[in-house]
Amino acid sequence: MSDEVISEINRNFIYQLTEKGKRIDNRAPNEYRPIRVEKSVVETAEGSARVYLGNTVVLVGVKIGLGEPFPDTPQKGVLTTNAELVPMASPTFESGPPREGSIELARVVDRGIRESGTLDLEKLCLEEGEKVWVVFIDIHVLDYDGNLFDASALGALAALTNTTVPASRFELGEDFKLPIMHYPIACTTIKVENSLLVDPSLEEEKVACARLTVTTDENGDIRAMQKGLGGSFTLEQIKNIVTSSQELAKVNRKYVLD
Amino acid sequence: MGENIDLKLMDEEGRRIDGRKFDELRPIKIEANVLKRADGSAYLEWGGNKILAAVYGPREAHPRHLQDPTKARVQCRYNMAAFSVMDRKRPGPDRRSVEISKILSEALEYVIFTEQFPRTTIDIFIEILQAEAGTRCSGLTAASVALADAGIPMRDLIVSCAFGKIAGKVVLDLRKEEDNFGEADVPLAIVPRTEEIVLLQMDGHLTTNEFQEGLSMAMKACKNIYGLQREALRKRYSTVIDKNEEKEKKEEKKEKEEVVQ
Amino acid sequence: MDNVEKTADSSNGNKLERELVIPGDHLSEEDLKSGMGTYSDSGRIYASRLGVKNIRAGYINVVPLGGRYIPRPGDYVIGSIIDIGPSNWLVDINAPYPAPLHVNEVPWRVEFGDTARFLKVGDTILVKIQNVDEIKRVHVTMNDHDLRRLSGGLITEISHSKVPRVIGKGGSMITLIKRYTKCRMFVGQNGRIWIDGDAKDIMIAVETIERIEAEAQVMGLTDAIKAFLEEHYSLDARVS
């Protein structure tokens, strides 16, 4: 319960700090918390990664199955992304069917991967209009201390990069690595009063009035965006966020590539 | 279960497919206090199982009509991650996980001093991240470590393990193939100090003698697993205490030296 | 404020016998009575909680290493308003149960239905646990010396079991932090700490408290913390 209401005292303190360009955990406004990515952590998954972003922990598993293509893309494999905010991760997460929070999370991660053409889906077609490989990305949030978007997107990409399509298990030829074309990285910035902070911690998220996630690829091109929360950004702020997201994505991409 | 297939579950020398003897457990690793947000948590690897357990509470039960004015409700939620099994599992509860959650809640409730926290719930979340037979036993074993880690008052920890029957022989701790093609599976859980049984299920076919043989084998194994649970908690919490003792000794020594001088 | 320090400190007076126990552990063969964190079964005493074994005045206790704060009458705690009724406020005190604060228990004259004018949701207050009934309903009061609505500064949270360490023997630790940081501080028994001062000093105070929490069981902690603060402030002095 105390999680839903942030004390006025702490709200004002965070405001006071941001005015001076400071943050409650001593970070710079454009500084990420420490990031750690562990790959191949679940053997039952065809690909997996665990991401630590400060105290936030997200586990992403990729499963591959057989299915039918969508009628409008008969020659392409299918990609689906699902997120579970399991109640273990926060006292405010509840059991039950996915709520809007987890659906938004899954869709933002999905767009980053889909719209950037991360996967060469045509290579996942077995019989046009009949049989294709289906890639399931499942995001399991284990410990929630803010910024699930970036942690999940990073985890999804890391898991995809170590996914093997188990063709031999289905007697459909040799196993092969998922064809990865691009490396999109999500970067989330929040607005607190008139300051911009990247990679918000939970406490900062609670006082944010607006949030913007910008996903950029290895060329610096913008591949997906999502603005959230009840506040607004100025045009100038949006431009600044895009620039800093491109820069930060360059740094964070390294955690996936090695 | 009980189907005849071409898989040999035990060789002539009594060795199982992973080389274990009939009364041998799969490797087990337990770690306490692994999550930040939860009030208590534990991570457990048991053979091919990878499991996280977390505890929240006691906290006020919501909605109100769920409050029991005499005691805390113990609510366990067993959940399998979509990627925890070979064929992707649809997220969300199914009949199997609802049943498992119920019996695990009941087993844990027995050791918790629920009367100390009327009108609350103690929530235990078990996430199966990777499954390979015996997840309910592994989950329960992890959950009781998480409860102790959360500072919940309890009579004792709970330890769980299964025995079964493969190739006509009673064995401990079935792995996946043994569970699928064996003749019986009996998960159980005990209160180690009193040896009371708080969880027992069975499917398959056993003679009375086989059942008794398996029971005593599982009891013995539970005692060993209990040692690992204790070790996990000690490892997490006694380092700070040991450090103290060393320092205390040093300080005492110093004092003595000063006296001598 | 002094009251809080005294109450918390008394529990730290005796030297602890530092033996880690786990629920179900048999505690002693001696003729002792079953105290906090223990239970007896067939005349034998066992630990009911993870903690450190402690024998005092004929009782055997387990001092818990964690767990939630359980309110005791007389405790001073920091609460936050989470709901408002016509004649009371609901206060989250970091315990299993929120506690109602009745209009008769505040230092102001509040007409029926006028509660929101005095305390709003999100406000932070210093309160005393007045009583806890048999079904653990908790009532809090602001009718005591120095109890008030807090404003300014920062609220940080630690495990309530570490509160005695933050206060220190005879208030030594908290005095030390206050002296260096020049912050005003209040440590609630429920693990919430209010710190007010210059933003930079507040941040150092928070860092110090985090450090105490992490190393709460270490002996000679006061010296280590003193060195830590010394380093911070002498460095700052050199820079400026």
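Chain C has a mean pLDDT of 86, and 90% of its residues reach 70 or more; pLDDT is the predictor's confidence in each residue, from 0 to 100. This is a predicted model, in which local features need pLDDT of at least 70 and side-chain atom pairs count only at pLDDT 80 or more, while totals for chains, interfaces and linings use all residues. Residues are numbered from 1 along each chain as its sequence is written, and chains are lettered from A and ligands numbered from 1 in the order in which they are written. The model scores ipTM 0.91 and pTM 0.90.

**Stop 1: chain C, coloured by confidence**

Select chain C. Its C-alpha atoms fill a box of roughly 60 × 55 × 25 Å along the principal axes. The secondary structure comes to five helices and 16 strands; helices (H or I, at least four residues) and strands (E, at least two) are DSSP runs, numbered from the N terminus. Within chain C, confidence is highest in strand β16 (residues 192-196), at a mean of 96, and lowest in helix α1 (residues 2-10), at 35.

Next, select residues 1-17 of chain C, over which pLDDT stays under 50. The model has 31 contacts beyond four places in sequence for this stretch, a contact being two residues whose C-beta atoms, placed from the backbone, lie within 7 Å. Where pLDDT is low, the predicted coordinates should not be read in detail.

Return to the whole of chain C. Of its 240 residues, 44% count as buried, that is, with 20 or more other C-beta atoms, placed from the backbone, within 10 Å of their own.

**Stop 2: the domains of chain C**

Colour chain C as domain 1 (2-64), domain 2 (76-150) and domain 3 (154-239); these bounds come from an automatic or database domain assignment. The centres of domain 2 and domain 3 of chain C, taken over C-alpha atoms, are separated by 27 Å. Nine residues of domain 2 of chain C are in contact with eight residues of domain 3 of chain C. On the domain 2 side, β8 and β11 (124-132) of chain C are the elements that give two or more residues, and β8(C) gives the most, with three. By class, this side has seven nonpolar, two polar and no charged residues; Ala, Val, Leu, Ile, Met, Phe, Trp, Tyr, Cys and Pro count as nonpolar, Asp, Glu, Lys and Arg as charged, and the others, Gly among them, as polar.

**Stop 3: from chain C to chain A**

Show chain A beside chain C. Here 16 residues of chain C are in contact with 12 residues of chain A. On the chain C side, β8 (76-84), β14 (154-157) and α4 (199-214) each supply at least two residues. That side divides into eight nonpolar, six polar and two charged residues.

**Stop 4: from chain C to chain B**

Now show chain B. The contact takes 36 residues from chain B and 24 residues from chain C. The elements of chain B that give two or more residues to this side are β3, α2 (135-149) and α4 (208-260). The largest share, 13 residues, comes from α4(B). By class, the chain B side has 16 nonpolar, five polar and 15 charged residues.

**Stop 5: the sheet of chain B**

Finally, select the strands β1 to β5 of chain B, which form an open sheet of mixed pairing in the order β1-β2-β3-β5-β4; two strands pair if DSSP finds at least two bridges between them. The edge strands are β1 (28-32) and β4 (73-80) of chain B. Strand β3 (residues 49-60) of chain B runs antiparallel to strand β5 (residues 120-130) of chain B, and nine bridges join them. Select Lys50(B) to find its bridge partner in β5(B), Gln130(B).

Conventions. Buried ≥ 20, exposed ≤ 12 C-beta atoms within 10 Å, placed from the backbone.
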